[in-house]
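Student: I should like to go through this model term by term. For each description, please set the value against the criterion and then draw the conclusion.

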Amino acid sequence: MEEDKFALVEKIIKDVHNVLSKIADLYAFDVVPMDINFQNKSPVLHLENCLGLESWCVKHVYMYCYSELMDKYSPKFKRKSKKISNIDSDRLIRLLNVTILLNPEINSLWNKRRDLVLGLLLDKTVELHFIRLVLSRKPKCNEAFVYRRWLLESIFQEENYERNSIEHLINDELIICDLASDKSPNNYHSWNHRIWLLNKVKTISTYYDPNALYIKEYNSSEKWTSKHVSDFSCFHYHQYCIKNLYNLCNDSWKSLEKTLNINFRKNLVRVLASNFPKDVTIQASEENLLGYSEENLMNLLLSYSNKICNCNVNYVQMCKKIEILFHALVLNNELICFYKYHETLWYHRRFILHEIISIMYEHFGLVRYNGALVKKNCKICNFDDMRQKQAKIGRYDTNHIYSNVLFNVILSHEKQIIEERQKDGDPNADRHEKYLKFVEGFNNVM
């Protein structure tokens, strides 16, 4: 009886291996619920480029393969590991395929595949297809994503790859991340893999221009967050995409506005004109504000120049940061009003406001230290002063912050949204008000 069971398991291993030989065409694997083998046929299913295994045999197959792997291919600590021959490697690959497909969360099995790749017994491209099969069933498998990054790292280090192959790899990774995120909500591992990919693109910028990718990813993440308002993993990635847009050149910025079909400057001045404080001496309409240069607009909003620092201020870059953050703020307003009581949206709002406030602090040469604003010496023109002790840094007069137009616009805008949401009974509005008071230092003005 045991011999019959082992013969059946060996046939299943062989059938799985035969299907995986066409791995380039496969795109999904799963276990099909079936308690008993009614039809007396092979439990390996292959239909429309999908691989399946009937559930009644999973336990027997997994235990058989795992036991052989541990007994024959994982020697004890004191024994010397044998060099794997071609015959042994074929058997090892078959056992690893079945075992990892059924349970991919064992890191030692992935290490075995690393050894086979390093020994040129497994092809890297085939391995990328195999990981896709694993992620189709286990989209939150961190071990699979780690192994995938290891493979891509070695591929990118090769000197013979071309621009087209890089674009193909990047597009494949984005597709796999989309599939994993769509299958499993709040999939931190897939979004984190996406961040790793964009960071990797920065290091190979001589072969690939990352700006177009940044614009594409910002657009796709913006659409995703509008449909998945409780997926904070995606919001974290979207915040990463926002920061990537800060240093876009003028041509890329125009491409971004064309892709989103929006004028960031019009969006900014619309918010400014509706939230200007009443005691401002200069009242500007939307038409007047649209005619302002970046430098004039920033001088109007901040109305103060940090004379301690002799460095030139990049008003164009600062204006772009403000524009993209106010665009994100307006979108957040719409989502908060439409999707009520979603805490993730309020957390994202905190990020937006913190970034705007950080821009103001940076302009004034300030930093928040132990809850108080202190002067921060410039690292470029006052490098020697940075060596002084922290105790010599003096407190800063907050009137410069509280009196500038941008701060008052933010204050008026946040008071309005908090009052509206409090009337609707949203408890997140009270928490947001406390955050502004005790974290961002608005307690003296709210």
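Tutor: Let us begin with a criterion: contact means heavy atoms within 4.5 Å. The model is a predicted one. Its protein chain has 19 helices and 5 strands, and 47% of its 446 residues count as buried. Of the contacts in the chain with a separation of 6 or more, 66% are between residues 24 or more positions apart.

Student: What covers the buried residues of α12?

Tutor: The cover includes α11 (250-260), α13 (286-290), α14 (294-302), α15 (315-338) and α18 (405-423). The residues of α12 that are buried are Phe264, Arg265, Asn267, Leu268, Val269, Val271, Leu272 and Asn275. Buried here means a relative accessible area under 20%.

Student: How do you know that the length of helix α12 agrees with its number of residues?

Tutor: Helix α12 comprises 12 residues, 264-275, and at 1.5 Å a residue these should span 16 Å. The end C-alpha atoms of α12 are 17 Å apart, which agrees. At the start of the helix, a side-chain oxygen of Asn263 comes within 3.0 Å of the backbone nitrogen of Arg265. What makes that pair a polar contact is a limit of 3.5 Å between N or O atoms.

Student: Why are α12 and α14 called roughly parallel?

Tutor: Their axes cross at roughly 25° and come within 13 Å. Angles under 35 degrees count as roughly parallel, and α12 and α14 are therefore roughly parallel to each other. The crossing is left-handed. Arg265, Leu268 and Leu272 of α12 make the contact with Glu294, Leu297 and Leu301 of α14.

Student: What makes α18 roughly antiparallel to α19?

Tutor: α18 packs against helix α19 (residues 427-438) at an angle of about 155°, with the two axes 9 Å apart. The threshold for roughly antiparallel is an angle over 145 degrees, so α18 is roughly antiparallel to α19. On the α18 side the residues are Glu414, Ile418, Arg421 and Gln422, and they meet Ala429, Asp430, His432, Glu433 and Leu436 of α19.

Student: Why is α15 described as mostly covered?

Tutor: Of the 24 residues of α15, 18 are buried.

Student: How do you know whether Phe145 is buried or exposed?

Tutor: Phe145 has 0% relative accessibility, so this residue counts as buried. Phe145 belongs to helix α6 (residues 142-156). Beyond its neighbours within four places in sequence, Phe145 is in contact with Leu135, Pro139, Ala180, His189, Ser190 and His193. The C-alpha atoms of Phe145 and Val134, 11 residues apart along the chain, are separated by 10.0 Å.

Student: Why is His129 called partly exposed?

Tutor: The relative accessible area of His129 is 29%. Buried requires under 20% and exposed over 50%, with partly exposed in between, so His129 is partly exposed. His129 sits in helix α5 (residues 124-137) and, leaving aside neighbours within four places in sequence, is in contact with Ile23 and Ala24. The C-alpha atoms of His129 and Tyr27 are 8.0 Å apart, although 102 residues separate them along the chain.

Student: What class does Leu45 receive, and why?

Tutor: Leu45 has 25% relative accessibility and therefore counts as partly exposed. Leu45 is in strand β2 (residues 44-47). Residues up to four places away in sequence set aside, Leu45 touches Val32, Cys50, Leu51, Gly52 and Glu54.

Student: What makes the phi of Glu48 worth a remark?

Tutor: Most residues other than glycine have a negative phi. Glu48 is not a glycine, yet its phi is positive, near 50°. Glu48 lies in the loop between β2 and β3 (50-54). With a relative accessible area of 64%, Glu48 is exposed.

Student: Where does Asn261 lie, and why is Asn261 called exposed?

Tutor: Asn261 is in the loop between α11 and α12. Its relative accessible area is 72% and the cut-off for exposed is over 50%, so Asn261 is exposed. Asn261 likewise is not a glycine and has a positive phi, of about 55°.

Key
Residues numbered from 1 in each chain as written. Predicted model: local features only at pLDDT ≥ 70, side-chain atom pairs only at ≥ 80, totals over all residues. Heavy atoms only, no water. Helix = DSSP H or I, 4+ residues; strand = E, 2+ residues; numbered from the N terminus. Expected span 1.5 Å × (residues − 1). Buried < 20%, exposed > 50% of the residue type's maximum accessible area, 1.4 Å probe, protein only. Polar contact = N/O pair within 3.5 Å; in protein donor to acceptor, adjacent residues only side chain to side chain. Axes fitted to C-alpha atoms, helices over the stretch in contact; angles between N-to-C directions. Parallel < 35°, antiparallel > 145°, perpendicular 65-115°, else oblique. Left-handed = near helix turned anticlockwise from the far one by under 90°.
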